[in-house]
Structures are given as C-alpha cells and as structure tokens.
Amino acid sequence: MKKVCLLPVLLLLINCYQPRRDCTSFKTGTFSFTTELEGAEITTRFRRTEDLEISEFKGVVDSASVRWINDCEYILTNLNPKSRNEEKPIHMKILSTTDNSYIFEYKLVGSTKTSRGTAIKTN
C-alpha cells in the first residue's frame, strides 16, 4: 500500500524538475566545444565578450558579432563570411547549465533543423 502512495509523489517530483539555467555566467568567457565531424573528433575553442565571439576551428580563426535576445539566447553573425552559407546567422539557445558547462541548441536562423552540443567554460 505504501508503494502506491509514493508513486504520485515520485511522478510529481519528476514532472516538476527544471534544469538549472544560470545563463548569465556564460555570457562571456573562454570555452571549448567538441564534436564529431566526418568520423573525427574536432574541438573548437572560442572566446566570447558581450558583443563579439572569436573562434578557432581546425587552425582557422574567425569572428562573429553576438546579439543577445535574452539571458539565454543570442544570434551569431559571421563578420567575414567566405560563402553564402556563412552569411546566414546562427540562433544559439542555452538549455541548461552546470558550474562550468552548458548544453546548447543551435540552428541557422529560419531553419527548423537544430543541433545540440555542450560547451565547457575554460576561463
């Protein structure tokens, strides 16, 4: 009988869980992001200020403007696009945070296809 009474309480606790989202701690700083690309693990390092992000990917340094929509969402616009595809802004959304990392979702502005990643704050 006690197991039956605990089930509604357990379901309530699971449904009320909200991931931690302290986005302001990640607005600026130095970060790394690792992903798999064509079967190889690739790490991007980037430094973000309030309005600029400078990244290094495969030895190439690039910069983008940062426009914050709210504390957890921003738009990245490449400052030196080398192709039409690089001209498209990217919508970034921080979904949850820990003490030194955050899980984010990103997509090209206007696209419905999203991807996820985890960024680690290194400084």
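Me: What makes the 8 strands a barrel, and in which order do they close?
Reply: The 8 strands close into a barrel in the order 1-2-3-4-5-6-7-8, with antiparallel pairing. Neighbouring strands of this sheet are turned by 35° against each other on average, direction ignored. Axes here are lines fitted to C-alpha atoms, for helices over the stretch in contact, and angles run from 0 to 180 degrees between N-to-C directions. Strands are DSSP runs of E with at least two residues, numbered from the N terminus. This is a predicted model, where local features need pLDDT of at least 70, side-chain atom pairs count only at pLDDT 80 or more, and totals for chains, interfaces and linings use all residues. Residues are numbered from 1 along each chain as its sequence is written, and side-chain values use heavy atoms, leaving out hydrogens and water.

Me: How do you know that strand 1 and strand 8 pair?
Reply: Two strands pair if DSSP finds at least two bridges between them. Strand 1 and strand 8 (residues 115–121) have 3 bridges, in the antiparallel sense, so they pair. Phenylalanine 33 stands opposite alanine 119 in strand 8.

Me: Why is serine 32 called buried?
Reply: Buried means under 20% relative accessible area, exposed over 50%, and partly exposed in between (1.4 Å probe, protein chains only). Serine 32 has 14% relative accessibility, so it counts as buried. This serine 32 sits in strand 1 (residues 29–37). Leaving aside neighbours within four places in sequence, serine 32 has contacts (heavy atoms within 4.5 Å) that include Thr43, Ala119 and Ile120.

Me: Is serine 96 buried or exposed?
Reply: Serine 96, in strand 6 (residues 90–97), counts as buried because its relative accessibility is 17%.

Me: What about lysine 58: buried or exposed?
Reply: With 55% relative accessibility, lysine 58 counts as exposed. Its place is in the loop between strand 3 and strand 4. Phi of lysine 58 is near 55°, a positive value in a residue other than glycine.

Me: Which kinds of residues make up the lining of the largest pocket?
Reply: The lining divides into 14 nonpolar, 9 polar and 9 charged residues. Ala, Val, Leu, Ile, Met, Phe, Trp, Tyr, Cys and Pro count as nonpolar, Asp, Glu, Lys and Arg as charged, and the others, Gly among them, as polar.

Me: Which strand gives the largest share of that lining?
Reply: Strand 7 does, with 5 residues.

Methods:
Helix = DSSP H or I, 4+ residues; strand = E, 2+ residues; numbered from the N terminus.
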